[in-house]
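This report covers helix packing, the chain interface and the nonpolar cores. Please view the structure alongside the text.

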Amino acid sequence: MASISPEPVAHRVLTGWGNTPRSSATVMHPATSGEMAASLADPPTRGVVARGLGRSYGDAAQNAGGRVVDTTGVGRVEIDDAAGTVTASGGTSLDDLMRILVPRGRFVPVTPGTRFVTVGGAIAADIHGKNHHKVGSWCESVQSMRLLVPSGEILEVTPQSDPDLFWATAGGMGLTGIVTEATFTCPAIETSQVLVDTVRAADLDAVMDAMVTGDHLYDYSVAWIDLMATGMSMGRSVLTRGRFARLDELDELGGATSDRPLAYNPTVRLAAPPWVPPGLLNKLSVRAFNELWFRRAPEHRSDELQSIAAFFHPLDLMRGWNRIYGSRGFLQWQFVVPDEAHDTLRSVVGALTESGCTSFLAVLKRFGPGNAGPLSFPAPGWTLALDIPAAVAGLGPLLDRLDVMVADAGGRVYLAKDSRLDPTLLHQMYPRLDQWRQTQRRVDPDGVLTSDLNRRLGLT
Amino acid sequence: MNDATGIPQTALVLGGTSEIAIATMTRLAARRCRHIVLACRDTQGGAVAAAHSLRTAGATQVDIIDFDAADATTHAATIDAATELLGDIDMVLMAFGVLGNQADFDADPMAAVAAVNVNYTAAVSCGLLTAQVLRRQGHGTVVMLSSVAAERARADNFVYGSSKAGLDAFSQGLSDSLVAAGAHVLVVRPGFVHTRMTAGMKPAPFSTTADDVADRIVRGLETGAHVVWAPSVLRWVFTVMRHLPRGVWRKVSAR
C-alpha cells in the first residue's frame, strides 16, 4: 500500500489476502509514472509481477525471490462526463474511485465484495460483481488500457487495436504486463442508495429457483448461503437483490437522506485485533454465527434503502478481517459450473456440508455470458465462493475431489482466488489456455513476467 | 511452490532411504508432490525400491542422487545436483542419522565422533546450504528429523541425544533466521519408532511407527507448525520429564 512504502525498494515477505502461502521478494515502489515505466527494466532472473492492494486470496501478486512492483504509488483519475468514461492509473483503488465518482453521480461499472482493489488488479483478474448477469465482468467496460510490457514499451491496447492482447490481459493475472492506466465506462446514478429486496430461502433449491426466475428483474443479485446447515436446511440462503434508487424514490422513501442524494461516506467501523487465539473459528462458533445471521434476515422485505457500503462491501466494515483466521490463514475456493450442471452445484454443496468444514457464509451467484478472455473466469452458470481455514484436516483432498467434479461438469475455478489447484486440471478448466500462451509469449518472449501462481500452475 | 494447504510440489530428501522419509514422501506424492529427489549413500537397492513406490503413489518423477552425510565436503555438490534437477526446491526433508550404541561409543570415542558428525555436523552443513537455496528462491520448507532424545540426555544414549539436541537447537535458530526469507522450518521430535534403526531394541513407552510419524509430519505441514511430536502425547510427557529431578529422571529413563 502506498502509505506504508517509505523505501523505493524493500525486501519483504508477501502473502495474498488469505495469508497463505508466503514468499519473499524485492518490492519496488514506483512513485512517478517515469519510475513505473522503468519498473520492468533489468529484470532479475526470477522475474517481475505487479501488485496492487493484495486482495487476491492466493499467490497471484507475489513472486518468490524475484521483483514485485507495487502499483499503488502512482495515482491519476480523470472523468469525461460527456463520454461517461473515467481514465485512471492502474494503481487507483476502487475505494478512491467511488469517493470521487459517487458524489458526482457516477458509479464503477463493476465492484467485487471489497472496494480495496485496484484498476490494474480488476483487469488482471477480470473481476465480477453482483451485476455480472447484467453487464458482464470488469473488462467488458474497459475501452482501452496502457500496458507496460517487458520490452519497455507502453502499448495502447483496445479491443479493436489488438483484441488478442486486450483479452489475454483480461484475467491474465498480470502475466502480459503492468497496466499503467485504463479507460472504462462508468454508469450514471441518481442517488447513492440501493433499493434492496431481501428474501430468505429455506434450502438450496429454493434459492436457485428464485435466482433463475427473478434475477433479470434486478441490476444486482447475490445470495449468501449457509454451508453448515444440514438436512432439510441444506443450502439455506439469504438472497439480496437491488438497483440504485432514483431521485423520486429517495424522496418517497428516504427521509433524511433525500437532501443529499449522492452522499457517500463509507466508514471502517472496526478493526480486527492484530492477533487472535488459534481455534477462535471452530464449528460451534461459526455455526452460531451463521444461525444468527440467517435468523436476523427478514423472511421477505422489499424496497429497503441501503448504502453502497452496506450493500456491496459489508466485509470492508472491519479492517483486516482476514486476521480472524489466525496466523495460519485461510483460502477461498470459487468455481463456476454451467447452468445445465446445476446437479453438480447441488453435489458440491452437499459434499461441503457433509464434510463439516468450518465455513462462514458462502456466496452464490448466477453469472451471465462470459467474454473473449481465454483466462477470464466468469462463464454462464452458477458460481459459489467460500472461505475455509487453511489448516482444516482433509481440506486438500476434499477440494481436489471437488475440482475434478467441477472440471468434469465443464466448469472452472477462479485463478484470482486459487492457492492449491492441481495444475493438470488447468487445461480442462481453461480450454483456450494455448491461445492465451501464444499472445503472452508475443509480449513476453523471455519469460520476464511471472508470479508464484504462475510457478505453481505453469500458466505461461 | 508450496500450496495453501502446506503441500510441496517438489522435494529433496536427504537420507532418502529412511523409513520415516519414505512414509512421509508416499503421503506427499499422493497429495500431488510431483518431483522428488532421493539423496542417499546407497543409490541402489532400497533407494530404487523407494523411488518405484513413490511413483506408484503419484509422483511423476523421482531421481536418486549420491549423498554422504559423513563427508561435509560433498554436501554442496549434492544440494547443487538437487537444485539442477528440481528447479525450485519446495521442501527439504532431512532424515539422515545414526543411532549407534552407547556402550560402543564408551569403548571407542572415535565412533561417537563419527556418529555426531553425521547427526549434527552434517545437519548444520546441509541446513545452511539449504538456507542459501531458500533465501535465493524466496520460499520453501525444511523438515528436520530431531528426536525426543534431544529434550533430555539419557545415560544409555547421550551421544545420540546430545547430537539431536544440537540439531534441534540449530533447527530452531534456522527457523527464525529464515522467517524474513518467507521460508519455514518444521522440527519433528519422534519418540521410539519401530524401524530398521531400532530393530531388536526394547521399545520405550509411547513407541510409534514410521507411518504415524509421517502422518504427524504431513499434519504439521498443513497446520504450519514449528514443532511436531510423534506420538503427539510426548509433548506433554516431556513437559513433565524436562523438569524431573535428576535422580528421578535417571531412574525413569533407565532401560
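Two residues are in contact if their C-beta atoms, placed from the backbone, lie within 7 Å. The model described here is predicted.

Under that criterion, helix 1 of chain B meets helix 7 of chain B. Helix 1 contributes B:Glu19, B:Ile20, B:Ala23, B:Thr24, B:Arg27 and B:Leu28. Helix 7 contributes B:Ala210, B:Asp211, B:Val213, B:Ala214, B:Ile217 and B:Val218. By class, the residues of this contact are eight nonpolar, one polar and three charged.

Helix 1 spans residues 19-30 of chain B, and helix 7 spans residues 210-223. Their axes come within 8 Å and cross at roughly 50°. That angle makes helix 1 of chain B oblique to helix 7 of chain B. The crossing of the two helices is right-handed.

Which elements of chain B give two or more residues to the side that touches chain A? Contacts join 20 residues of chain B to 24 residues of chain A. On the chain B side, the elements giving two or more residues are helix 5 (109-137) and helix 7. Helix 7 of chain B also takes part in the contact with helix 1 of chain B.

## Nonpolar cores

In soluble globular proteins, nonpolar side chains tend to be buried together. Here the largest nonpolar core has 131 residues. Those with the most contacts inside this core are A:Ile123, A:Met173, A:Val207 and A:Ala223. Strand 16 of chain A gives the most to the core, with six residues.

A:Val207 touches A:Ala201, A:Ala223, A:Ile225, A:Gly235, A:Ser237, A:Leu239 and A:Leu364, leaving out residues up to four places away in sequence. A second, separate core has 79 residues, including B:Leu38, B:Leu54, B:Val185 and B:Val187.

Is A:Val337 buried or exposed? A:Val337 has 26 other C-beta atoms within 10 Å. A residue counts as buried at 20 or more, so A:Val337 is buried.

A:Val337 lies in strand 16 of chain A, which covers residues 330-337. Neighbours within four places in sequence aside, A:Val337 is in contact with A:Thr344, A:Leu345, A:Gly381, A:Trp382, A:Val406, A:Ala409, A:Gly410 and A:Gly411. The C-alpha atoms of A:Val337 and A:Arg366 are separated by 9.7 Å. These two residues are 29 residues apart along the chain.

Notes
Residues are numbered from 1 along each chain as its sequence is written. Chains are lettered from A and ligands numbered from 1 in the order in which they are written. This is a predicted model: local features need pLDDT of at least 70, side-chain atom pairs count only at pLDDT 80 or more; totals for chains, interfaces and linings use all residues. Axes are lines fitted to C-alpha atoms, for helices over the stretch in contact, and angles run from 0 to 180 degrees between N-to-C directions. Helices (H or I, at least four residues) and strands (E, at least two) are DSSP runs, numbered from the N terminus. Angles under 35 degrees count as roughly parallel, over 145 as roughly antiparallel, 65 to 115 as roughly perpendicular and the rest as oblique. A crossing is left-handed if the near helix is turned anticlockwise from the far one by less than a right angle, and right-handed if clockwise. Ala, Val, Leu, Ile, Met, Phe, Trp, Tyr, Cys and Pro count as nonpolar, Asp, Glu, Lys and Arg as charged, and the others, Gly among them, as polar. A residue is buried if 20 or more other C-beta atoms lie within 10 Å of its own, exposed if 12 or fewer, and partly exposed in between; C-beta atoms are placed from the backbone. A nonpolar core is a set of buried Ala, Val, Leu, Ile, Met, Phe, Trp, Tyr and Cys residues joined through C-beta atoms within 7 Å.
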